[in-house]
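Colleague: I would like to learn how features are read from a model, one kind at a time. Could we go through them together, with the general idea before each case?

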Amino acid sequence: MSRMDVSVVVCTFNRAALLKRTLAALQSQRTDPGLSWELVIVDNNSTDATRSVVEATSSAFPVPVQYVFEPRQGISHARNAGIGQAEGDIIAFTDDDCRPEPDWLQNVVDCMNRWGADGLGGRILPEWSSPPPAWLATDRHLWTSIAMLDDSAVRQVELGPWQRQHGFRVWGANMAFRRSAFETVTGFDPSLGNRGKKKYSHEDIMFVRQLVEAGKIVMFDPAPTVHHWVGPDRMEKRFFRRHSFDYGEGAALRNGPPRGRHLLGIPPFLLVILGGNVVAWIRAALRRDPEVFCYEREVHEAIGHLSGYIKGALAVGQYARLQTPTRESRSSESRSDA
């Protein structure tokens with residue numbers, strides 16, 4: 001039996017200053033008197049003042065606080081470590097650069113009970129550090145790259161046409177699952193998700209997909225809301241170029257070596273896609289299309305795919321060389337057999 005109603009898990013990596021804001025928001029949560037909860041902070045190999053920030057906050061925190069150090073780099077490793085230490089019947093996640101609204105946690109519990117849900121996602125709104133440039137403020141498509149999710153409709157996550165078009169509406173900055181969900185799917189895939197500065201992502205989406213495929217009920221409800229800090233670096237086009245590249249590279253590494261013909265791991269169709277994206281980008285620039293930056297991001301994503309396939313092919317080649325005995329080792333084996 002769980003000792004807590006809810007465990008809130010926050011994974012952090014070298015964001016001590018932003019983590020203070022998150023902890024202050026969690027410290028101010030308004031919950032029903034009978035709701036028991038705890039906070040689990042997973043330090044994912046930080047080298048800044050993260051531990052000191054957690055220790056300074058713990059003494060005045062209204063609920064128990066656990067500090068967990070996870071040396072294996074990657075958000076999936078960190079979340080799995082948090083799940084392993086959590087004692088709650090519901091395990092809720094938010095990020096170290098998010099500020100949950102005061103009723104966030106109570107809304108998580110109420111919504112999960114209302115819908116009989118095994119999993120839940122909520123709204124993620126931007127908290128701009130300064131007024132955003134016009135190209136970012138007006139393009140909601142770009143918001144997905146900075147993990148923003150402004151949706152007002154309650155929806156059940158299903159493997160249907162709407163999800164294929166719009167994607168899953170349960171993201172790591174604001175999501176919760178019943179403990180039983182982790183008996184169905186054993187945690188987040190360590191090969192997916194952010195690793196240090198690499199924005200590979202998709203660990204949350206794949207976890208939700210597996211739950212839905214197993215027949216579990218996963219909902220999106222806008223009531224539980226967090227505000228996601230958008231610093232100056234995330235309002236520059238180079239951030240989005242890098243994000244697109246990492247997204248493509250992570251997808252290629254996740255998919256593994258392509259089947260059929262390939263050159264250095266690169267399938268021919270990908271070169272065709274890259275060429276088409278470059279042509280579309282040039283045409284958009286010539287006609288001064290207001291969405292020209294979207295075309296440019298598609299080019300960077302395709303280049304990321306190239307990089308991922310090449311890295312995958314090199315890794316497979318290195319593994320094969322390790323498994324193939326050298327002439328000297330074969331001679332040694334022959335002598336020992338004799």
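Colleague: To start with the rings, how many aromatic pairs does the count come to?

Modeller: A word on the source comes before the count: this is a predicted model, in which local features need pLDDT of at least 70 and side-chain atom pairs count only at pLDDT 80 or more, while totals for chains, interfaces and linings use all residues. Residues are numbered from 1 along each chain as its sequence is written, and side-chain values use heavy atoms, with hydrogens and water left out. In general, a pair of aromatic rings is described by the distance of the centres and the angle of the planes. The rule here pairs rings of Phe, Tyr and Trp (its six-membered ring) if their centres lie within 6.5 Å, and planes under 30 degrees apart count as stacked, over 60 as edge-to-face and the rest as tilted. By this rule the count is 13 aromatic pairs. One of the pairs, Phe-177 with Phe-207, is edge-to-face, at 4.9 Å centre to centre and 75 degrees between the planes.

Colleague: Which parts of the chain does the pair of Phe-177 and Phe-207 tie together?

Modeller: Helices (H or I, at least four residues) and strands (E, at least two) are DSSP runs, numbered from the N terminus. Because Phe-177 belongs to strand S8 (residues 174-178) and Phe-207 to helix H9 (residues 203-213), their pair ties together parts that are 30 residues apart in sequence. Both Phe-177 and Phe-207 are buried, where buried means under 20% relative accessible area, exposed over 50% and partly exposed in between (1.4 Å probe, protein chains only). Ring pairs also join Phe-177 and Phe-207 with Phe-93, Phe-182 and Phe-188 in a cluster.

Colleague: Which residues have the most contacts inside the largest nonpolar core?

Modeller: In soluble globular proteins, nonpolar side chains tend to be buried together. A nonpolar core is taken here as a set of buried Ala, Val, Leu, Ile, Met, Phe, Trp, Tyr and Cys residues joined through side-chain atoms within 4.5 Å. The largest such core has 44 residues, and Val-6, Val-8, Leu-39 and Trp-104 have the most contacts inside it. Helix H4 (residues 104-115) gives the most to this core, with six residues. Apart from it lies another core, of 25 residues, which includes Val-42, Phe-93, Phe-207 and Leu-211. Across the protein, 48% of the 338 residues count as buried.

Colleague: With which residues is Leu-39 in contact, leaving aside its neighbours within four places in sequence?

Modeller: Contact means heavy atoms within 4.5 Å. With those neighbours left aside, the partners of Leu-39 are Val-8, Val-10, Leu-23, Leu-26, Phe-61, Val-63, Pro-64, Val-65 and Gln-66.

Colleague: Turning to charges, how many salt bridges are there?

Modeller: A salt bridge is a side-chain nitrogen of Lys or Arg within 4 Å of a carboxyl oxygen of Asp or Glu, and by this rule the count comes to 18 salt bridges. Arg-79 is a case with two partners: its closest N and O atoms are 3.8 Å apart in the bridge with Asp-95, and 2.4 Å apart in the bridge with Glu-203. Since Glu-203 lies in helix H9 and Arg-79 in helix H3, their pair ties together parts that are 124 residues apart in sequence.

Colleague: Is Arg-79 buried or exposed?

Modeller: Arg-79 is buried, with a relative accessible area of 4%; Asp-95, at 17% relative accessibility, also counts as buried, and Glu-203 is buried as well. A further salt bridge joins the side chains of Asp-221 and Arg-114 (3.9 Å, N to O). That pair links distant parts of the chain, with Asp-221 in strand S9 (residues 218-230) and Arg-114 in helix H4, 107 residues apart.

Colleague: Where does Asn-14 lie, and what is its phi near?

Modeller: Most residues other than glycine have a negative phi, and most peptide bonds are trans. Asn-14, in the loop between strand S1 (4-12) and helix H1 (16-27), has a positive phi near 55 degrees, and at 32% relative accessibility Asn-14 counts as partly exposed. Arg-288 also has a positive phi, near 55 degrees; Arg-288 lies in the loop between H11 and helix H12 (292-323) and, at 76% relative accessibility, counts as exposed.
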